[in-house]
Amino acid sequence: MAALLEVDRLRVEFPTRHGKLLALDDVSFHIDAGEILGVVGESGAGKSLTGAAIIGLLEPPGRVAGGEIRLEGERIDNLTEAQWRHVRGRRIGAIFQDPLTSLNPLYTVGQQLVETIVTHLPLSAAEARVRAVDLLRKTGIPAPEARVDQYPHQFSGGMRQRVVIALALAAEPRLIVADEPTTALDVSIQAQIIALLRQLAKEQGTAVMLVTHDMGVIAETCDRVAVMYAGRVVEIGPVQQVLHAPAHPYTQGLMGAIPVMGESRDRLLQIDGSMPRLNAMPDGCAFHPRCDRATEHCRQARPALLRAGPTSAACWLLRDAQAEVAA
Amino acid sequence: MSALVEVKGLAKVFDVSAPWLNRVIERQPRQFVHAVDNVSFSIQRGQTFALVGESGCGKSTVARLLVGLHEATRGQVLFDQVELTAALKGPQGTALRQRMQMIFQDPYASLNPRWRVSDIVAEPLREHRILTDDTEVNDLVAQLLQGVGLSASDAARFPHQFSGGQRQRISIARALASQPEFLVCDEPTSALDVSVQAQVLNLMKDLQQARGLTYLFISHNLAVVQHVADDVGVMYLGRLVEVAPKRTVFSAPRHPYTQMLLDAIPDVRMTGRQRSPVIGEVPNPMNPPAGCAFHPRCPHARAVCKAERPELVVDGDSQVACHAVQQGWL
C-alpha cells in the first residue's frame, strides 16, 4: 500500500539578487494513514518550510524547484490556486503556532467553522452548525452550544488552539500539518493539546505531520521522527530509536544538549558554533564544521540518507562503520 | 553563609481600571490585579534561586521588583541587608545599581539595533562612570566579549549581524560589565534553540563559578531549572506555593500544583507514555478564586480550600502553602 503522503526529493529555492538560495534540498519522507511524524530541528533548519510546501503555502519568491509531493498517490506540488482550494482544508488541514492569528477576530467561532464545513462538505447551514457544535465538543470545549456564538477573544489561549484544531478537522482531512501547535502555550495546556491531537489522529486515522523544536513533545506524541539540519533530513526513523540511540552526530549532540528531568549533570553537552546560513553553506556535509568526528571526506562530499537498522541517517561515519562490519 | 537578597512579604498591585470616562459612563469600578502577593524568599550568596510557574503567575514582576524596575506596593527587598527601594533613591543608589544587573528574555528586543556592540557593552561602564578613558573601556569590552565566547573584533559589529545565541552572549557581557554580584535572568534561554540554550546555560554556570555570582533565574521550563538551580520557588497566581531545595522539589514535590507541573512536562525518555492530562486552566488574575487559588484545578481540594487561603508553612526542608499538606490528608 502506498503511503498517504509521499515527499520525494523535494527542493525549495528562493531566487534572490545574489543568486538562488536552496532552502530545502533533497527532502524525502512519507507518512502513513493514522501515523504521526514529528519533524524537529533548530530554527532555520527548514521544518516549517517543508510544512508550507506540503500545504501549498510557500511565501513567494520561494518555490518548489524539484521533486514531488504526492497525497494518496496524486501529485499536489503542481496544483493551481483553484485546484488547491479543493485540497487545502478538505484533504489537508493545517494548525499553526499562534491560535490568535489563525482565527478571524471579526467572526464568531461558529461562523468560521460553518464557513469551512459548508465550503467542503455537502451540508446545509443548519447541519453545518450542528456539526460545528459537535466538533467543539470533540475537541474538549465545555458548553459548546454557548461557546459556538462567541468571538475568538472570548477564548483563552488553550481553548483557542482547540478551536483551531476543530477548524482543521472540520472537513475530515486525511492529513494534518501542525506547525508548532503547542509552542505558544503553557506546559499544563500543552499536555492537554498534545493528548487531544494524538487521540483524534488515532480515532479518525488521520495522518499528522507535527513540526516542533521540542523533543519532549516529539517523544510523547510521534510514531516516527525526522531530524532536519540546514534544509536536509539528516536522520529519520522510529521515535524510540532516533531519540535513544541516535545515529547521526547532530542528533546525538541535540539529545545531549537537552536538560533531562531527574538527571543531574554538571554541564550540558554543547555543540559549538551555529547552523550555517543559506548563503554560506559549507561544502560536503553541512554539519562538518560543528562535528568533532568530521573527516576529510565529510568536508568534500555530501552524504545521502543511509539505512542503519530501523533508522536512516545521512552521515559518512555510518558508511565507514558498515564497511568495517562487511569487511 | 549569608543571604545576599532577602524578600519579605513583597506585593505589587497594578491598576488596570478602564479610563476615567468609561468608568463614569459605564459605571465600572476601579480594577486591580494583584500581580505579586505576599512573596518571601531569600537567596544565598553565590547560589541560584529559580522561580517557576506558568505565564501570568507574576514571576517576571518579581524579577523587576528585585532590580527596582517596579516599586513594590507592600513588603521589602533587602539587598545585602540594605532596604532596596529607599536605598536606590538615596545617595548610594547608583553604587547599588552597579551591583545588580538583568538579562532579558528576548535578545532581539533588548539590544539597541543602532548601536555597535562596543557601545552596548560599554554602556554600564560609561553610565556608572566606572571607566572614562576610551582605551581602557575598549580593552575591558574586548575582555568581556572574550569572556562570553565572542571575539574582540565583534565589538565593531551591529546586533543584527549576530545569531540569537550570540546576541544573548552580548546581553550577558553587558550585564557583567559593571562587575555585578547579583544577576536577574528573566527567561534567558526560552527564545533560543536547544543546542544554543546548552551553550548559554554552560556559560552562565562557568561565570557563576569564576565570579561567585548570585542568580535569580526565572523560567517556565522545569528541566532547565533543574539543571541550574540550587533552590526553587513555584508560583501560582502571584503567590509562592512551594519553596524548597532543588532535590526536594524534583524528587518529592509537596504541593499539588508542583506535582501537576512536573507531571505535565513532556519527557524525552517517556516515548509513547500515556497519562491523564491536567484539567482546567490558570484562572483570570483579575478575578482569582477565593481561598486557595489552585482549588478549582486541585484533585485534593476540600471545603476548607475554597474558604481559607493557605499560608506558606515550613515543613521539613521545604515551605508549602497547602491545606492538604498541612492538615495531612495528602
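1. Two strands pair if DSSP finds at least two bridges between them. In this predicted model, strand S9 (residues 231-236) of chain B and S10(B) meet that criterion, pairing in the antiparallel sense over six bridges. Within the pair, Asp231(B) stands opposite Pro245(B) of S10(B). The two strands make a hairpin, with two residues between them. Leu237(B) sits in the turn and has a positive phi of about 45°.

2. S10(B) also has a link to strand S12 (residues 318-320) of chain B. These two run antiparallel and are joined by two bridges. Val320(B) in S12(B) is the bridge partner of Glu242(B). Is S10(B) mostly covered or mostly open? Strand S10 (residues 239-245) of chain B is mostly covered, with six of its seven residues buried.

3. Now the sheet in chain A. Eight strands form it, in the order S6-S7-S8-S3-S9-S10-S12-S11. The sheet is open and its pairing is mixed. S6 and strand S11 (306-308) of chain A stand at the edges. Each has a single partner strand, so one side of each is left without a neighbour in the sheet. From one strand to the next, the twist averages 20°.

4. Strand S10 (residues 232-238) of chain A and strand S12 (residues 311-313) of chain A pair in the antiparallel sense, over two bridges. Glu235(A) has Ala313(A) of S12(A) as its bridge partner.

5. Helix H1 (residues 47-54) of chain A lies across several strands: strand S3 (36-40), S7, strand S8 (207-211) and strand S9 (224-229) of chain A. H1 of chain A runs at about 145° to S8(A).

6. Helix H6 (residues 157-169) of chain A passes a simple geometry check. At 1.5 Å a residue, its 13 residues should span 18 Å. The end C-alpha atoms are 19 Å apart, which agrees.

7. The buried residues of H6(A) include Arg160(A), Gln161(A) and Arg162(A), along with Val163(A), Val164(A) and Ile165(A). The cover over the buried residues of H6(A) includes strand S6 (92-95), H3, H4, strand S7 (175-179) and H7 of chain A.

8. Two of those covering helices also pack on each other. Two packed helices are described by the angle between their axes and the distance between the axes. For helix H3 (residues 109-120) and helix H4 (residues 125-138) of chain A, the axes come within 9 Å and cross at roughly 120°. The crossing of H3(A) with H4(A) is right-handed. H3(A) contributes Gly110(A), Leu113(A), Val114(A), Ile117(A) and Val118(A). H4(A) contributes Ala125(A), Ala128(A), Arg129(A), Arg131(A), Ala132(A) and Leu135(A). By class, the contact has eight nonpolar, one polar and two charged residues.

9. Last, the contact between chains. Here 36 residues of chain A are in contact with 34 residues of chain B. Which helices of chain A each supply at least two residues of the side that touches chain B? They are helix H7 (187-204), helix H8 (215-221), helix H9 (239-244) and helix H10 (249-257). H7(A) gives the most to this side of chain A, with seven residues. By class, the side of chain A that touches chain B has 19 nonpolar, twelve polar and five charged residues.

Conventions
Residues numbered from 1 in each chain as written. Chains lettered and ligands numbered in written order. Predicted model: local features only at pLDDT ≥ 70, side-chain atom pairs only at ≥ 80, totals over all residues. Axes fitted to C-alpha atoms, helices over the stretch in contact; angles between N-to-C directions. Helix = DSSP H or I, 4+ residues; strand = E, 2+ residues; numbered from the N terminus. Left-handed = near helix turned anticlockwise from the far one by under 90°. Contact = placed C-beta atoms within 7 Å. Nonpolar A, V, L, I, M, F, W, Y, C, P; charged D, E, K, R; others polar. Buried ≥ 20, exposed ≤ 12 C-beta atoms within 10 Å, placed from the backbone. Expected span 1.5 Å × (residues − 1).
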